[in-house]
Amino acid sequence: MLNIDEISDYRDLLKNYYTQRKLEMPLYSYKMLGQKLSLETSQVFRVLNKELHLPNRSIPLAKDLLDLKGRSGEIFEILVAASKTKSPAKKDKLYKMALALQDVDLRKFNPSEYLFLSKWWIPVVRALIEMNGGHAEVSRLVKQITPTVSEDQVREAIKVLKDLKLITPLASERYAATTANFTSGSSPTKTAAIRSYQNQLLALAQNALVAIEPAKRNISSLLVGVDEDCFADLNEMTLEFRRQVQKRVGEVKVPNKAMQFVFALYPVAEVQNGHQVKKEGVRK
């Protein structure tokens, strides 16, 4: 994902690409780059030196060259348009559009932090401590968590959060919570931890169907027929919706509820021969 804060001009990306290719292959030339962008050698020189903009025909070629897909490709096109416009108001509007497409800030888990996902209520306790203004009275936290957990489980959660420095002590026996958005790499250990946590969340969703009144939850499902292209689109749409949820939540100034979202897209039937009809189950 492109980081707009690090890009002053879209042409910097092309210049960085050229510089990197030149380091890897000293014979790499403006002519060779021009062939990729459908430009003359002199045009490439002027683009990299910010004397000329990419013509429209070269924008898709530049995206392919820089391997910019999805939102990164959209951001690149917006940055090109912003650089070309003479109107300050339009330029500002385009930069705001590009910023809106950026991912939320994510913090990488280190191996020890996977303890954070060992029990579903540990992340909930972290969220509640933040919503309670840093206060972590065990008796108060127990009353706020659904479904019911014990005081010992809450104390265990606080200890894990302190050990992992996911909460840090402040004055007046309060705590500060760290970044709420996390992501993870891939390894057998990490995959097992994530799967275990997701299984707990699915169990919570099942419990919520019975224990939580419909007005306070939203659990629905769809059974749809798709092909490979549609399946890929649904995956992308799910990721985009997840990103939009994170951005919307980031705008909340004084949260008073901790809600758990579970996204699930999985096959329930597949036709291998004859008519290629595929059905996928979608659950939110």
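Modeller: Two residues are in contact when heavy atoms of theirs lie within 4.5 Å. The structure above is a predicted model. Of its contacts with a separation of 6 or more, 58% are between residues 24 or more positions apart.

Colleague: How many helices and strands are there in the chain, and what percentage of its residues count as buried?

Modeller: The chain has eleven helices and seven strands. Of its 284 residues, 32% count as buried. The chain exposes about 18,100 Å², and carbon and sulfur atoms supply 54% of that area.

Colleague: Why is Tyr266 called partly exposed?

Modeller: The relative accessibility of Tyr266 is 39%. Buried requires a value under 20% and exposed a value over 50%. Tyr266, at 39%, therefore counts as partly exposed. This residue belongs to strand 6, residues 264-270.

Colleague: Which residues make the nonpolar surface patch of about 310 Å², and what lets Tyr266 qualify for a patch?

Modeller: The patch is made by Leu223, Tyr266 and Val268. A patch residue needs over 30% relative accessible area, and Tyr266 has 39%, so that requirement is met.

Colleague: Why is Met32 called partly exposed?

Modeller: Its relative accessible area is 31%. Met32 lies in helix 2. Leaving out residues up to four places away in sequence, Met32 touches Met25 and Leu27. Val44 is twelve residues from Met32 in sequence, with a C-alpha to C-alpha separation of 9.7 Å.

Colleague: What makes a set of residues a nonpolar core, and which residues have the most contacts inside the largest one?

Modeller: The members must be buried residues of the nonpolar kinds, joined through side-chain atoms within 4.5 Å. The largest such core has 29 residues, and those with the most contacts inside it are Val125, Ile129, Leu141, Val154, Ile158 and Leu161. Two or more residues each come from helix 7 (121-131), helix 8 (138-144), helix 9 (151-163) and helix 10 (188-211). A second, separate core has 25 residues, including Leu33, Leu39, Leu48 and Leu54. In soluble globular proteins, nonpolar side chains tend to be buried together.

Colleague: What is Leu141 in contact with, leaving aside its neighbours within four places in sequence?

Modeller: Leu141 is in contact with Val125, Leu128, Ile129, Asn132, Ala136, Val154 and Ile158.

Colleague: What makes helix 7 mostly covered?

Modeller: Eight of the eleven residues of helix 7 are buried. They are Trp121, Ile122, Pro123, Val125, Arg126, Ala127, Leu128 and Ile129. Gly133 follows helix 7 and has a positive phi, near 70 degrees.

Colleague: Which residues of helix 4 are buried, and how do you know on which side of the helix they lie?

Modeller: In helix 4, residues 59-66, the buried residues are Ile59, Ala62, Lys63, Leu65 and Leu66. Their arc around the axis is only 160 degrees, so they lie on the same side of helix 4. Their cover includes helix 1 (10-24), helix 2 (30-37) and helix 5 (70-84). After helix 4 comes Asp67, with a positive phi near 55 degrees.

Colleague: Why is Lys63 called buried, and what is the class of Glu77?

Modeller: Lys63 has a relative accessible area of 19%, which is under 20%, and Lys63 is therefore buried. Glu77, at 41% relative accessibility, counts as partly exposed.

Colleague: How do you know that Lys63 and Glu77 meet in a salt bridge?

Modeller: A salt bridge needs a side-chain nitrogen of Lys or Arg within 4 Å of a carboxyl oxygen of Asp or Glu. The N to O value for Lys63 and Glu77 is 2.5 Å, so the pair meets that requirement. The pair links distant parts of the chain, with Lys63 in helix 4 and Glu77 in helix 5, 14 residues apart.

Terms used: Residues are numbered from 1 along each chain as its sequence is written. This is a predicted model: local features need pLDDT of at least 70, side-chain atom pairs count only at pLDDT 80 or more; totals for chains, interfaces and linings use all residues. Side-chain values use heavy atoms; hydrogens and water are left out. Buried means under 20% relative accessible area, exposed over 50%, partly exposed in between (1.4 Å probe, protein chains only). Helices (H or I, at least four residues) and strands (E, at least two) are DSSP runs, numbered from the N terminus. Accessible areas come from the Shrake-Rupley method with a 1.4 Å probe; for residues, only the protein chains shown count as cover. Patches are made of residues with over 30% relative accessible area and no salt bridge: like charges are joined within 9 Å, nonpolar side chains (Val, Leu, Ile, Met, Phe, Trp, Tyr) within 5 Å. The arc is that of the directions from the helix axis to the C-beta atoms.
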